[in-house]
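This report describes one protein model, element by element and residue by residue. Please read it with the sequence and the coordinates open.

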Amino acid sequence: MARKFDAGYYFSEGFHSIFTHGFMSFAAVCMIVACLLIMGSFSLLAVNLDHMLGDLEAENEFLAYIDENYTEEEARALQSQIEAVPNVSNVTFVTRAEALEDWKEGRAENDLLNSLQPEVLRDRYRIHVADIEQLGQTVDQVEQIGGVADTSVALEIAQGFVLVRNIATGVAAVLIGILLVVSLFIIANTIKLATFYRREEIAIMKMCGATNAFVQWPFVVEGMLLGLTGALIAFFAQWGIYQLVAKLIIQGNGLSLVTVTSYTSMAPNILMVFCGTGALIGVGGSLLAIRKFLQV
């Protein structure tokens, strides 16, 4: 009964087997779609938060104010110490006069502003960080440098983005794990149902000397087809959901910090991950279901 690998035969048998138990096949595809949509949604949220954190790291800075008793030369001499602090990527010195001009910019001209002297402000440094997650530690280390009198930093915004991203990643990992197990269970039961319909045929093939691979491959193909079908449905459903949410965010654009990465730019990677995960779930479930027949 042994025969060479025949892809056409295996795909034909696997494809037709799907329709012999249509309801279970439908349930399996739905679970795979649900699993991939949840995985994709939280992953895309994490990707967008990472992108926004990257923008904050590129643009975010905090100010270090120098002791008012320091001369400009003494204040400039602190730059090397600040640059030596871990996580500091760029340092810019701002004189009192430059700080005053920056402060006046965008404000209406009046006698009070015109009478202000640079001496009322302090020399300062604009400090950019490499990793926004370490912003708090970096600020603490800069404050320890002699001559730094105070700092100004929007720490809550950075910590908020990091917290939301970490929560999204953690929730996604837990839900993905649960749904993967459920998907494998449903795929396995779908394939078991297929083997039940073909139990006599399988027994005859084994008695005639059919190899394990010959018996196994149609069911593996069936599971893979179910997984890939679910992956393709999930991919396009995710696209529609993402575009809808992105449109709502853009229309509501109340927070200037919120940006949305284009789905099209990520589509090839998303499709590859979805298809790989779907196929893995399908094949894994099939192997779990058919293994007892390989021991006969």
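## Overall make-up

The model is predicted. Its protein chain has 11 helices and 4 strands. Of the 296 residues in the chain, 39% count as buried.

Among contacts between residues at least 6 apart in sequence, 84% join residues at least 24 apart.

The structure holds 6 aromatic pairs. One of them joins Tyr-242 and Tyr-263, with 5.4 Å from centre to centre and 50 degrees between the planes, and this pair is tilted.

Thr-261 is found in the loop between helix 10 and helix 11. Thr-261 counts as buried because its relative accessibility, 17%, is under 20%. Not counting residues up to four places away in sequence, Thr-261 touches Asn-48, His-51, Tyr-242 and Met-266.

Thr-261 and Ala-246 are 15 residues apart in sequence, and their C-alpha atoms are 8.7 Å apart in space.

## The second largest pocket

About 180 Å³ of space lies in the second largest pocket. Which residues line the second largest pocket? They are Met-39, Gly-40, Ser-43, Leu-44, Val-47, Met-266, Asn-269, Ile-270, Val-273 and Phe-274. The elements that give two or more residues to this lining are helix 2 (22-59) and helix 11. By class, the lining has 7 nonpolar and 3 polar residues, and no charged ones.

Val-47 is found in helix 2 and counts as partly exposed, with 37% relative accessibility. The C-alpha atoms of Val-47 and Arg-165 are separated by 8.7 Å, although the two residues are 118 apart along the chain. Phe-274 is found in helix 11 and counts as buried, at 2% relative accessibility. Leaving aside neighbours within four places in sequence, Phe-274 is in contact with Leu-36, Met-39, Gly-40, Ala-231, Ala-234, Phe-235 and Gln-238. Phe-274 and Leu-232 are 42 residues apart in sequence and 7.6 Å apart in space, C-alpha to C-alpha.

## Ala-46 in helix 2

Ala-46 lies in helix 2. Is Ala-46 buried or exposed? Ala-46 is buried, with a relative accessible area of 12%. Not counting residues up to four places away in sequence, it touches Arg-165 and Thr-169.

The C-alpha atoms of Ala-46 and Ala-172 are 9.3 Å apart in space, while the residues are 126 apart in sequence.

## Two loop residues beside strands

Asp-123 has its place in the loop between helix 6 (111-115) and strand 3 (124-129). Asp-123 is buried, with a relative accessible area of 3%. Its side chain reaches the backbone nitrogen of Arg-96 at 2.9 Å. Beyond its neighbours within four places in sequence, the contacts of Asp-123 include Ala-64, Tyr-65, Ile-66, Tyr-70, Thr-71 and Glu-72. Phe-93, Val-94, Thr-95 and Arg-96 are also among them.

Asn-87 sits in the loop between helix 4 (79-83) and strand 2 (88-94). The residue is buried, with a relative accessible area of 13%. Most residues other than glycine have a negative phi.

Methods
Residues are numbered from 1 along each chain as its sequence is written. This is a predicted model: local features need pLDDT of at least 70, side-chain atom pairs count only at pLDDT 80 or more; totals for chains, interfaces and linings use all residues. Side-chain values use heavy atoms; hydrogens and water are left out. Rings of Phe, Tyr and Trp (its six-membered ring) pair if their centres lie within 6.5 Å; planes under 30 degrees apart count as stacked, over 60 as edge-to-face and the rest as tilted. On a 1 Å grid over the protein atoms alone, a cavity is a set of points where a 1.4 Å probe fits but cannot get out, and a pocket is an open set with protein on both sides within 12 Å along at least five of seven lines; lining residues have an atom within 4 Å of a point. Grid points are joined across faces, edges and corners, and a volume is the space filled by probe spheres set on the points. Ala, Val, Leu, Ile, Met, Phe, Trp, Tyr, Cys and Pro count as nonpolar, Asp, Glu, Lys and Arg as charged, and the others, Gly among them, as polar. Buried means under 20% relative accessible area, exposed over 50%, partly exposed in between (1.4 Å probe, protein chains only). A polar contact is a pair of N or O atoms within 3.5 Å; within protein, one must be able to donate a hydrogen and the other to accept it, and residues adjacent in sequence count only if both atoms are side-chain atoms. Contact means heavy atoms within 4.5 Å.
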